[in-house]
Amino acid sequence: MKLGIVVFPGKALQDLANSYRKRYDPHYSLIPPHITLKSPFEASESEVKELAIQLEGISKRFAPLLLRIPKFSSFHPVNNVIYFKVEPTVEMTDLYEAIDSLGYGGTAEYSFVPHITLGQRLSDDEYSDVFGSLKMQKVNHEEMVDRFHLLYQLENGSWTVYETFRLGKE
């Protein structure tokens, strides 16, 4: 079973992200806008149940997170990905590290850069056009998120929630 762990932002930010994603992100129809806390990895049914118990424990150790998104950014020249930059906070980084320390899926391919992807797999010209116009704009969005989600991938490639974990003490 292929799993991933994400934070979904609120509806207003998802709607704004989707206004770009429907044109520039081939994964638009497969998963809502999100911040990845753990990239996709394989796990067995028994591992999923154990992971869910561990994630429940982690969720109680962390308060809700502040998402502050000041601007558009990009991973260019590594790849032509355009995203909402999420200002990293100690709390978000600590949550990421707590989840990563569980050891599922091995070592991350990239260091943790919290972001919400808006466009990917863009040609060089398309990337230059789109990012050239977006990078001048400010976003200045702030919200609190109080949960993260363990997702699994369906046979058609789309992702759905396996379990949701509320941040903070019950």
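This is a predicted model: local features need pLDDT of at least 70, side-chain atom pairs count only at pLDDT 80 or more; totals for chains, interfaces and linings use all residues.
Colleague: Which peptide bond is cis here?

Modeller: Start with the general idea. Most peptide bonds are trans. In this model, the bond joining H76 and P77 is cis, with omega about 10°. P77 sits in the loop between β3 (65-74) and β4 (82-85).

Colleague: Which residues other than glycine have a positive phi?

Modeller: Again, the general idea comes before the case. Most residues other than glycine have a negative phi. R121 has a positive phi, near 55°. N140 also has a positive phi, about 50°.

Colleague: Where do R121 and N140 lie?

Modeller: R121 is in the loop between β5 and α4 (124-134). N140 belongs to strand β6, residues 138-145.

Colleague: Is R121 buried or exposed? And N140, buried or exposed?

Modeller: Exposed means over 50% relative accessible area. R121 has 65%, so R121 is exposed. N140 has 62%, so N140 is exposed too.

Colleague: Now the largest pocket. How many residues line it?

Modeller: The lining has 40 residues. H34, T36, S39, P40 and H115 lie nearest the centre of the pocket. The space inside is about 1,200 Å³.

Colleague: Which elements give two or more residues to that lining?

Modeller: They are β1 (2-7), β2 (35-42), β5 (115-119) and β7 (147-153). β2 gives the most, with 6 residues.

Colleague: How do the lining residues divide into nonpolar, polar and charged?

Modeller: There are 19 nonpolar, 15 polar and 6 charged residues in the lining of the largest pocket.

Notes. Residues are numbered from 1 along each chain as its sequence is written. Side-chain values use heavy atoms; hydrogens and water are left out. On a 1 Å grid over the protein atoms alone, a cavity is a set of points where a 1.4 Å probe fits but cannot get out, and a pocket is an open set with protein on both sides within 12 Å along at least five of seven lines; lining residues have an atom within 4 Å of a point. Grid points are joined across faces, edges and corners, and a volume is the space filled by probe spheres set on the points. Helices (H or I, at least four residues) and strands (E, at least two) are DSSP runs, numbered from the N terminus. Ala, Val, Leu, Ile, Met, Phe, Trp, Tyr, Cys and Pro count as nonpolar, Asp, Glu, Lys and Arg as charged, and the others, Gly among them, as polar. Buried means under 20% relative accessible area, exposed over 50%, partly exposed in between (1.4 Å probe, protein chains only).
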